[in-house]
Amino acid sequence: MSTPDAGLLVALVGNPNTGKSTLFNALTGLRQRVGNYPGVTVARKSGTCDLGDGQKVELVDLPGLYSLAAASPDEQVVIDALSGNIAGDRRPDAVVLVVDSTNLLRNLFLASQVAELGRPVVIVLNQADVAKEQGLRIDTELLSRRLGGVPVVMSSAWKGEGILDVRRAIASAVANQTPMKRVAWPTNIAAALTDVATAAAADTGKPVTEAEGQRLLFDTNPSTADRLGWTLAQRDKTLRSARDRVRNSGYNPMAAEPLVHYAHLRIILEGVVTEGAGKAGRSAAVDRLLLHRFLGPVLFLGIMLGFFGSVFWLAKFPMAWIQSGVDWTKTIVAPPLDAYPMLQSLLADGIIGGVGAFLVFLPQILILFLFIGILEDSGYMARAAFIMDRLFSWCGLNGKSFVPLLSGFACAIPSLLSTRTIEDPKARLATAFVVPFMSCSARFPIYALMCAAFIGPLYGPGWESVVMVGMHCVGLFFAVPTAFVLTRLVLKVKPQPFVLELPRYQMPKPRDVLWRMWQNAAEFVSKAGTVIFAITIIVWALSYFPRDASVAERIKASNPTAAEEVVKAKTQAAYVEQSYMGRFGKAVQPVFDPLGFDWKITVGVLASFPAREVIVSTLGVTYSVGEGAKADSQHLRKAMQDAKWSEGPRAGSPIFSLAAVLALMVFFALCSQCGPTIATLAQETGGWKWAAGSFVYMTALAWLAGTAVYQVVIRLT
Ligand SMILES: Nc1nc2c(ncn2[C@@H]2O[C@H](COP(=O)(O)OP(=O)(O)OP(=O)(O)O)[C@@H](O)[C@H]2O)c(=O)[nH]1
Ligand SMILES: [Mg+2]
């Protein structure tokens, strides 16, 4: 957070998806997340920008918004930043308005509202390359003159074109303090505005700016009044009579502001844009196909099937390489430690077995994020949201909820943050509650392990993709009725208008897509080195200790004629069974018995409550500790395929039956096993109530659904 006596502060403001974050990155050299759909940035981010002459300013990137009549929490961030309302922060010394060059009229509405704040502004006409492609020519000098001399520059932020002009324009705006030409309010509206500002100042004893007066008069949303401390009782009569005054002059008070601004802008823009020959947007034609009522969902399903199929197919070889790398490391590390069985087991079974089992999925994660990046950057992801909207509008949520829900398929955390774009707090809460049902990338390794070890070998690779898509639908299948009950019966959310703006289709930009992929890969690998590493060691220790020598003697005595290898294997198995983990797992196992989980899976499930992908490495440890530290230790996959029930009514039958495999995947699809998600949910819903509710609800649901799947499938197979 900046202090008041720091250098100059400049804010980037504009409609969603115009390229503010791209421009921010170009100006500061930082790497804020960008994406081709509205609502990528949901919080304030700042960096240092060099204006070219050695002068440095602090630049803030803000969420996009269409109007200063703030409705959603992310929009409120912008209003606060512009007015310097955030504690310890100051008002910006200049505002850079980032405008989509192909849509000047609508984009400049916000600019015209910001002009009312009286701050010096710079107008950046971004995406100039797209305007050029469409044959649009923009007379920036004329526009600048008409706006009262404020700097107007063109840029293509993602190509890095025009950035120097932007720097110079900011320097000039800061130096000259030129405000943008403001609208001329019709006399009656001007009088009503004065009435409101005067009354508010008198009632609250605080100075009220003209811009604040406008918010008080025009907005139905009381955030400005609340901030000023102007109570409902005080403002009610004043606002009613002021609005009557506006109405008497022939304007609907709720529409007066845009009408006056647009009339003002139409005059300003006359002759500024000339249309030459160029390719008009192709988006409309493509959308007729992709958003078709019936074809749209079919194509969507086809794309998803192809998507998961190719993730498996493409990842096959790199996964095999990593697997051999892990095996090779074991053969190097294990033999020299034969004299130190405990250390050998820690390194080979614990660390290499556990972390290795997890790292094998790196290629799949890379490819997954490559595809997600391509789908997002091309503009298709927003269409997918649109298609899904039909499903979700039925249960009281709308397209705006679906952008967060869709990004929940990558990770729940950013997706919970992006619910801030939803105005209605109840709709926001309902959306946040169902976000963790979306099948995030942390569930991917579990599905992938089960598919690769059981579904693929048993039914062929085609079924792998089908099960994969199916597992990603399990969450949706429960999210829809959950949302329905929440919105209709519990929270009683009012129906929301659909306001998602579809972005332009574009060629995915390799730089952005690869960067996203790289970041997620880095996060995945760092997890392997931290959470996974730590839990792996704990799980190893609990399944290694205590080691009572009498166990070995007992096994030896009861198998006098068996070969040494067999005795060794039996001893290892006996050790694990009587370890702390074995005792604990067996004590808790009855809880998970209806789902067909043995004690090792039970241990995995319990160890995975902080982070669900831990199950993979936990299975890696528990299954390799039982195997002994043989240099040619079997792969986890093989060990799981061979695992059999040793006691009870299922003795001798495979632990990982189709029923148990499906139950395990369904359990993980629904269970709330992610510490950071719970914490973020608590933070975003303002308390632990909903977070705790989500945890209990999802865990119970996962258990019930897992049990149902196991009990039905085991009877059918
Ligand atoms: N063709 C073209 N695309 C651009 C340009 N600048 C940004 N984009 C693309 O426009 C999309 C949106 O960019 P962002 O920087 O995320 O936009 P934003 O204004 O920060 O969006 P929000 O944070 O959602 O409000 C991305 O796909 C960018 O690659 C440009 O100059 N030309
Ligand atoms: Mg942004």
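This note goes through the predicted model point by point.

1. **Ground rules.** The model is predicted: local features need pLDDT of at least 70, side-chain atom pairs count only at pLDDT 80 or more, and totals for chains, interfaces and linings use all residues. Residues are numbered from 1 along each chain as its sequence is written, while chains are lettered from A and ligands numbered from 1 in the order in which they are written.

2. **Overall form.** The C-alpha trace of the protein spans about 105 × 55 × 55 Å along its principal axes. The protein has 32 helices and eight strands. Both are DSSP runs numbered from the N terminus: helices are H or I with at least four residues, strands are E with at least two.

3. **Domains.** The bounds come from an automatic or database domain assignment. That assignment gives domain 1 (8-176), domain 2 (187-250), domain 3 (295-442 + 461-490) and domain 4 (530-716). Between the C-alpha centres of domain 2 and domain 3 there are 49 Å.

4. Of the 717 residues in the protein, 46% are buried. Buried means that 20 or more other C-beta atoms, placed from the backbone, lie within 10 Å of the residue's own; exposed means 12 or fewer, and partly exposed is in between. Two residues are in contact if their C-beta atoms, placed from the backbone, lie within 7 Å. Among contacts with a separation of 6 or more, 72% join residues 24 or more positions apart.

5. **The shell of ligand 1.** Ligand 1 is surrounded by 27 residues, and the closest are Gly19, Ser21, Val34, Thr41 and Gly64. A residue is near the ligand if its C-beta atom, placed from the backbone, lies within 6 Å of it. Helix 1 (20-28) and helix 4 (128-133) each supply at least two residues of the shell. Helix 1 gives the largest share, three residues. By type, the shell holds eight nonpolar, 14 polar and five charged residues. Ala, Val, Leu, Ile, Met, Phe, Trp, Tyr, Cys and Pro count as nonpolar, Asp, Glu, Lys and Arg as charged, and the others, Gly among them, as polar.

6. Strand 2 (residues 45-50) pairs with strand 3 (residues 56-61) in the antiparallel sense, over six bridges. Pairing requires at least two DSSP bridges between two strands. Gly47 stands opposite Leu59 in strand 3. Five residues lie between the strands of this hairpin, where Gly52 takes a positive phi near 105°.

7. **Ala607.** Ala607 sits in helix 27 (residues 599-607). Ala607 counts as buried because 24 C-beta neighbours lie inside 10 Å. Neighbours within four places in sequence aside, Ala607 is in contact with Ile535, Val539, Val614 and Thr618. Ile538 is 69 residues from Ala607 along the chain, yet their C-alpha atoms are separated by 9.5 Å.
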